[in-house]
Amino acid sequence: MNWQEERDATLCEARCVVVKVGSAVLSTGSELNLPVLDNLVNQLAVLSRQGRRVVLVSSGAVAAGRTALKKLPGEPAAVGLSGKQAAAAVGQGRLMHLYDNAFAERGILTAQVLLTRDDLKNRTRFLNIRNTFSELLNWGVIPVVNENDTVATAEIKVGDNDTLGAVVACTVKADLLVLLSDIQGLYTADPRKDPGARLIPVVEEITADIEALAGGAGSGLGTGGMATKLRAARMVTGSGADMVIANGAHPEVL
């Protein structure tokens with residue numbers, strides 16, 4: 001079995017799947033990429049109809065907010081931490097509206113779940129979150145998760161929705177976490193800068209050598225980098241789940 005067949009088998013066998021999609025996938029650079037969003041929803045709907053428990057962790061609130069702000073006089077720039085938080089406040093409802101409508105067209109109900117790290121650190125809050133996820137998934141509802149950016153700044157600063165995806169995967173006891181990025185996976189070097197970079201198809205163990213391959217932030221659209229993805233991998237594999245990094249722009253990635 002080659003690595004592609006192994007990855008496909010992992011996807012096929014997973015009964016509970018958490019999919020995290022980043023801004024670099026959802027945005028064209030100036031606004032949300034609606035065809036990509038609709039295609040992602042279609043793939044997730046297929047997984048749900050197959051009887052899988054599906055959770056979506058989605059970035060994109062800031063991008064959606066910036067798109068909406070263009071309609072205001074002077075097109076205010078959402079720069080700086082407070083500007084990005086305000087843009088997220090404008091965009092989160094719009095992003096959720098897009099998801100809600102797209103899933104509804106396919107006969108699937110969604111639920112919005114906004115979290116902060118403090119919510120997950122507090123034992124009582126964590127148990128409430130876990131119980132809510134359990135009920136939603138039992139009902140066949142797809143939770144759409146994001147960090148509550150108006151009160152939590154960690155994701156905006158370091159792009160750590162990868163870690164949020166891992167925490168959610170551990171919370172719902174997922175079999176698989178899929179991180180959809182703008183690259184295919186972990187490479188020996190940055191493929192955007194080094195044409196000789198090679199894809200590492202399977203990582204059995206996250207060693208010091210593997211960690212050394214992780215660079216800083218990726219594209220200008222997303223603020224996360226490979227380091228956050230490896231941290232996410234440590235979390236989910238430590239709980240017994242698998243993780244896949246894949247190019248979210250591929251029309252049949254899932």
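## Exercises on fold and core

In the protein chain, 74% of the contacts (heavy atoms within 4.5 Å) with a separation of 6 or more join residues 24 or more positions apart. This is a predicted model, where local features need pLDDT of at least 70, side-chain atom pairs count only at pLDDT 80 or more, and totals for chains, interfaces and linings use all residues. Residues are numbered from 1 along each chain as its sequence is written, and side-chain values use heavy atoms, leaving out hydrogens and water.

**Exercise 1.** Work out how many residues the largest nonpolar core has, and which elements supply it.

*Solution.* Start with the count: 38 residues. A nonpolar core here is a set of buried (under 20% relative accessible area, 1.4 Å probe, protein chains only) Ala, Val, Leu, Ile, Met, Phe, Trp, Tyr and Cys residues joined through side-chain atoms within 4.5 Å. Those with the most contacts inside this core include Val18, Phe133 and Met243. Next, look for elements giving at least two residues each: among them are β1 (16–21), α7 (123–139) and β6 (242–247). Then check for another core: a second, separate one has 34 residues, including Leu44 and Met96.

**Exercise 2.** Find what Val168 touches beyond its neighbours within four places in sequence.

**Exercise 3.** Say how much of the chain is buried, and what box the C-alpha atoms fill.

*Solution.* First, buried residues make up 48% of the 254 residues. Then, along the principal axes, the C-alpha atoms fill a box of roughly 55 × 45 × 35 Å.

Technical notes
Buried < 20%, exposed > 50% of the residue type's maximum accessible area, 1.4 Å probe, protein only. Helix = DSSP H or I, 4+ residues; strand = E, 2+ residues; numbered from the N terminus.
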